[in-house]
Amino acid sequence: MKHKNNNIVLIGFMGVGKGALAREIVRQNTSFYTLDTDDMIESYTNTKIKKIFATAGEDAFRALEQKTADWLANSVKNAVISTGGGFYKVNNLKEIGTVVYLKADFEWILNRILNAHNAKKKLKKRPLFQDPKKAKKLYDDRLEGYEKAADIIMDVSSDEFSKVAEKILKATL
Ligand code: S3P
C-alpha cells in the first residue's frame, strides 16, 4: 500500500509506542527518517506541549497540529511520522501518507507507561493523561475514530516491537 509521498503515519493513543516504533522502523529500513509532530510543534513554537495546553489551550494546540499536517502533506516524503494522540483528527491525514493505527488495550498502555524507567516524566508531559480514569474515557471515545482514520490497524501488544515494525514495513511498502 505504497503512498505517493512514501510516508508512514503512526497514529494511536498516548503511550502506545508511536515514537519507539517509528525509531525501530527506521532502524530496519534506513531509507526512511523519523519525524514527530509533537516535537515539530515544540520546536517551531519554542514551547513545551504542556505549556501550550496551559496557556493557549487545547484548541490552539489542535490548530498547530493542523498546520503541521498541512506542511507534512505538501513537503515531506520518505518519513515515518509519529503523531500526538489527537493528531488523527486533522482533516487531511491520508494525504500525508499510509496511516497505521497502533492498537492496544488501555490496561496494556497504562502498564507500558507506568513501567517505563522515566514514568514520572512521561506522565508529567501529557496533560490529557493526568487522571487515568479520564484517560480511559478518552481512550474509549477515540477507539472508533482511530480505526476509521486508519489504512492499516496493527496490534502492538502481542509481539516484540521489532516484529511489529517488520509487519508495518511489509504492509506499507
Ligand atoms: C495528546 C497526545 C500527546 C500530545 C498532547 C495531546 C492527545 O501526544 O500531542 O499531549 O490528545 O492524545 P502523545 O500521544 O505522544 O502522548
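The legends below describe close-up views of a predicted model.

**View 1. Packing of helix H2 against helix H4.** Helix H2 spans residues 37-45 and helix H4 spans residues 58-75. The two helices pack at an angle of about 105°, and their axes lie 10 Å apart. H2 is therefore roughly perpendicular to H4.

**View 2. Residues at the contact of H2 with H4.** From H2, the residues Thr37, Asp38, Met40, Ile41, Tyr44 and Thr45 take part. Their partners in H4 are Phe61, Leu64, Glu65, Lys67, Thr68, Trp71 and Leu72. Sorted by class, this contact of H2 with H4 comprises seven nonpolar, three polar and three charged residues.

**View 3. Surroundings of the ligand.** The ligand is surrounded by 14 residues. The closest of these are Lys18, Asp38, Arg62, Arg126 and Arg142. Asp38 is also one of the H2 residues that meet H4.

View 4. In the side chain of Arg126, an N or O atom is 2.4 Å from an oxygen atom of the ligand. For Arg142, a polar side-chain atom lies 2.7 Å from a ligand oxygen atom. Gly85 contributes a polar backbone atom, 2.9 Å from an oxygen atom of the ligand. On its own the ligand has 390 Å² of accessible area, of which the protein covers 94%.

Note on methods
Residues are numbered from 1 along each chain as its sequence is written. This is a predicted model: local features need pLDDT of at least 70, side-chain atom pairs count only at pLDDT 80 or more; totals for chains, interfaces and linings use all residues. Side-chain values use heavy atoms; hydrogens and water are left out. Axes are lines fitted to C-alpha atoms, for helices over the stretch in contact, and angles run from 0 to 180 degrees between N-to-C directions. Helices (H or I, at least four residues) and strands (E, at least two) are DSSP runs, numbered from the N terminus. Angles under 35 degrees count as roughly parallel, over 145 as roughly antiparallel, 65 to 115 as roughly perpendicular and the rest as oblique. Contact means heavy atoms within 4.5 Å. Ala, Val, Leu, Ile, Met, Phe, Trp, Tyr, Cys and Pro count as nonpolar, Asp, Glu, Lys and Arg as charged, and the others, Gly among them, as polar. A residue is near a molecule or strand if one of its heavy atoms lies within 4 Å of it. A polar contact is a pair of N or O atoms within 3.5 Å; within protein, one must be able to donate a hydrogen and the other to accept it, and residues adjacent in sequence count only if both atoms are side-chain atoms. Accessible areas come from the Shrake-Rupley method with a 1.4 Å probe; for residues, only the protein chains shown count as cover.
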